[in-house]
Amino acid sequence: MTEHGDQTSATVHHSGRLPRAVRLALKELRETLRDRRTIFTLVLMPLLVYPLLAVALQRFALTRFRGDPEMQTFFVGVNASRQFEAMKELMRFGSEVVRLQSAQNADPEATSSTADAEPEIRFFGQDDVAESGTLSDGLKSGAIDLAIEIEELNPGSQHRFPPHRYKIFHNPGSPRSQAAKRFFEERLVAANLIALRNRLRRGGANDQPPAETSFVATEGTSTQIVSLGALIPLILLLMTVTGAVYPAIDLTAGERERGTMEMLIAAPVPRIGLLIAKYAAVMIVALLTATVNLVAMTTTIYGIGLEKLLVADGVLSLRTIGLVFALTVLFAAFFSAVLLALTSFARSFKEAQAYLIPLMLVSLAPGMLALMPGVEMNSLLAIAPLVNIVLLARDLFEGNANPLFATMTVISTFGYAALALALAGRIFGTDAILYGSQGTWSDMLKPPEEQRQTPQIRTAVFCLAMMFPLFILLGNLPGRLESLSISVRLALSSVVSVLLFVGVPLLLAKIRNIRVQTGFRLMKAHPLAFAGAALMGVSLWTFAFNIVSLITDIDDERFAQFAGLIEQVNQSPLWLKLAVLAVVPAIAEEFFFRGFLLTGLRSALSPWRAIVVSAVLFGLFHVIVRDRLLFERLISSTMMGVALGWVCVRTGSILPGMLLHVLNNGFFMLLSEYKDELAAMGIGTQQQSTLPWYYLVVAAILTGTGIALVMLSGRRVNDSEIAASSA
Amino acid sequence: MISVEKLTKHFPGRIEAVKGVTFHVEKGEVYGLLGPNGAGKTTTLRMILGLLQPTSGDARVSSFHSTEAPDEVKRRVGLVSASAGLYQWLSPREVLSFFGDLYAVPPELVAERTATLAHLLRFEQFQDRRCSTLSTGQKQRVNLARALIHDPPVMLLDEPTRGLDVVGRQTIFNYIDHLHGQNKAVIICTHQLDEAQRLCDRFGLLHEGELRHEGTLQELQQSTGCSDLVDMFLQLLPESETAFPVKAAGL
C-alpha cells in the first residue's frame, strides 16, 4: 500500500459509469446464480414439475377424449343436400367394411376408432348453419367439425356408389375436427377399396372410384381447447413473478441479514445506482426463470403430443416466440421493480416474504382477466398496472392488438417500474432499515428538514412516472365531455395542462421540500436572452413544420382523423385558441420539462445528456394525441425540446424558454388559422408542400441571431451558483 | 483529518444517544473511542461516515462535511465493523474486486492491492474459495482487506476484535500497526481497554453519550488521578453499576 496523505481522489477511476454499472450488475447476478436456492427455482423446479405435470395432463387428455360423449357425435356441414344420401350410403358401406376388417384383426388392443361404439354423424346443409355464416365460417367457429363440398362426377352412373368428388375442409387446431377427419378418411378409403375390388372382379377396370377425396385445412378461431391468448399472460405472469421473488429478497433484505448492507451503504455510490444494478440482476433471473420454464413446458407438451392444444398447427412460429419473449421482458421489468421496492422495506427475509405473498396473490387477479370474456382493452386499462400487460398479451396472441394501447402499455409499465425503483431508492439502505431506527413508511412522505435547492434525479423520474398515467387519464377527459361546448372543453384542457405540468411537480416539490424558484429554474434572465429566445420562437417553427411535412402527409389520412375536431376548434375565437392551445400549454410544459425534469436530470447527468433525455421525453409526450399515435411529431418535438433545453441550461432560467415556446406554438396556431391565405400563396397543409427555401433562409438567419444573443446573454448557471445565490 | 464538533444524535422516542461530542483526530494518529455498551461509540462513528444524520453538530473528514458531501467523506474512509458480513457466494478476490468497483478504483489497481493485502493479511491460500467456507478469523481478515481496497486516509474500526480468538486479535493488532505506519487517521471503538491502551495514541472516554475525558494516557492519568484506563472507566460508572450486590441478594 502506498504512503499518502489525502490523495484518495487521485486513484478514482473515471472510465465511465456504464461499464461500472454493468460490472456491479454482473456481481449481483453472479452471486444470485451461485446460490443453490436460485438454481432450485431456476432449473430443478421446471425439471421436476413438468414431467409430473405432463403425466397428469396426458391422463386428463386421454380421459377427456375417450370419455367425452360429445366426441361420439360429429357435426358435418354439406354444401349439396341432393348428394346427402349418396354420401350417407357410402359412409354406411365404409363403416361396415371397417367393422369387418376390425373383427378380422387379431390384435385385441387395436385402438382404431372402430374399437369403440360407432360415432354418430349429424349432417347439416348450408341452410342449417346459416346462423354461423358459410360452412367455412361454421368450421372456423367450431359450430361444425367438418365442411364437405360434394360434386357428382358422373350423373348417369348406374353403380350402387356413383363417383363423387369430396372436398373435406377440416380444422387442424380442433381435436374434434381431426377425429372427424380421420373417421371419414378411414371409411371413404375402405369403401373405395372394396368398391373398386368388386368392380375389378366384374371386369369394370376403367370405372372411377366412388369417392375422390381431398382435404383442405382451415384455421379455426376458437377451436382450441385452451386459448393461447388467454393462457400465455397467466403463465408468463406466474413464471416471472416466481423467478423474481427470491433474488429480490436476497439482494435487499438479504444484504441486511448477512451484514453486508452497511458496507454497501458506506461506499460512495448513490443508493439508486446500487438498486439499478440489483434491478438488472433480478430482471435477468426472472427472464431466465421464465425462459427455462417456457422451454421445459413446451418440450413437455411436444413430448406428450399435446402441442395442438396450444398451437393450432402444432408449430411455434418465430413471431410467437418473439412475442412471448417481448412480453416476458415487460412482465419481468414490472415485477422486478415492484418486488425490489417492497423488499427494500424489509429488514429480514421473513419480513420480505410477508410483504410479497399478498402481492403475488393480488397479481393473480389481473392474470385471470385475460380468461374472462368481454374485457376489452381501452385507454384506462392500458395504463392500469399489470392489467395492461395481461390484456396486451392476450390481444397480441389473438391478433387484434391496438398499437396505441400497446405503446401506452409499454410506456406506462416502464414508468411504473421507474416509480417503484425511485420509491425503493428512498428507503433502501436508510438508517430506518439499516439500523432499525424508528419509522419507515412514514419517512417516505416526511419532507426533509433541510430545504433542497434542486430536485434529485429520482424525484424528477418519480414525477415523470406519475405524470404519464395522469396525462392519459386527465388528458382525454375534456375531449370526452361532448355535451359541453368546444370553448369550454378547450378551457378545461388548459386547466388539465396546468394541473398536470404545474400542479403535480409543485406538489412533489412541496413534499420533498424543494425551493420552487431554484427547483423550477424560475430565475431572472438577461434581456438579451429573451430577445434571442423570441427570435428563435418566431423562426424555429419553420424547421419543425418542414420536418413534419417531409416525413408525413399531414393533410391526408392523418388530417382526416382530426378533421372533425379541427373544424370544431376553428369555431372558437382566435384569442381563446391562442391562449388555450399556445400560451398555457407552453408555459405549463416549460414548468415541468425544462423546470423540474431537466433540473432533476442535471443533478446526475451532464448538461447535454440531460437536455437530450428531457427532449426525447418531451417528444414522447407529444406522440400521444387523444386516441392516436402521431409518431411524426416525435422528431420535431424532440428537436424543439433540445432547443428549449439548451436555452434553459444556457440562461439558467425557464423564462426565456417559455417565451420561445409560446411564440413557436402561436405561429403554428396562426399557420392553421390562416391556412387558406397561405394556401393561396402555395404554402400550407392543403398542398402538402414544405415551406419555400427563402423562408428557411430567413428563419435560419433569425435562429442563428437568436442563438448568438442567448450565448451573449450570459454563461451557464450551475447548481452551486444557484445554491450560493439563494443562500 | 477528522473533526467532530458538538455532535448530537437524538433517536425519536429514545434517550439522546450522543450529546454534543467534540474531538479531533490528526493524520497518523490512532484515537480510541472508549466506553461501555450503549455509550454512543458506534452512533458517533456512523455519523462521522454519514450513515446516520446527526440531530445537530457537525462531523468532517478532510474538511468535507458528512451531511453535505457524504460521498466525498465515504470515499476517504475505510470501515471495519465486527458485525460486517461477506457475500457468501463470492470469493475474497471477487469481494475485493466488487468493493474496488464501488470505490471507483481502477481494476488493475484493485488486482495489485488485492495481492498486497492477501500477502499482508495472509489469505493468499483461500482468496479464491467461496466466503461461505471460511472461518470467522478468515472472514475478518478479508473484511480488513476490504476496508483498505481503496487505500483511504481515514479508518474507522468498530469493535474490531469482537468474537476473535488470540490469533485473530493479533492480526488486528498488526493491522492497526500497519495503519499507523501508513500515516492514516484511525478511530477505534472498543471496550477492550487493555487493547486500547496498547494501540492508541489518544483516548476519548464516552459515557451515556457524553465525552467525559479526552487526551493521551498521561493527560488522562493527570486529570482522573487513575493509573490505567480500567480504573478511569470504572470511575465513570455509578457505584450501583459496578458494586457486586451480594448482600442485597441475600447471599
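User: How many salt bridges does the rule find across the interface of chain B and chain A?

Analyst: This is a predicted model, in which local features need pLDDT of at least 70, side-chain atom pairs count only at pLDDT 80 or more, and totals for chains, interfaces and linings use all residues. Residues are numbered from 1 along each chain as its sequence is written, chains are lettered from A and ligands numbered from 1 in the order written, and side-chain values use heavy atoms, without hydrogens and water. A salt bridge is a side-chain nitrogen of Lys or Arg within 4 Å of a carboxyl oxygen of Asp or Glu. Across the interface of chain B and chain A, the number of salt bridges found is three.

User: Which side chain of chain B meets A:Arg34 in a salt bridge?

Analyst: The pair is joined N to O at 2.6 Å. The partner of A:Arg34 is B:Glu94.

User: What area is buried between chain B and chain A?

Analyst: Buried area is the accessible area (1.4 Å probe) that two parts lose on being put together, summed over both. Carbon and sulfur atoms give 58% of the area here. The total between chain B and chain A is about 4300 Å².

User: Which residues of chain B lose the most area to chain A?

Analyst: Together they account for 18% of what the chain B side buries. They are B:Tyr87, B:Trp89 and B:Leu102.

User: How many residues of chain A are in contact with chain B?

Analyst: Contact means heavy atoms within 4.5 Å. Chain B contributes 50 residues. The number from chain A is 38.
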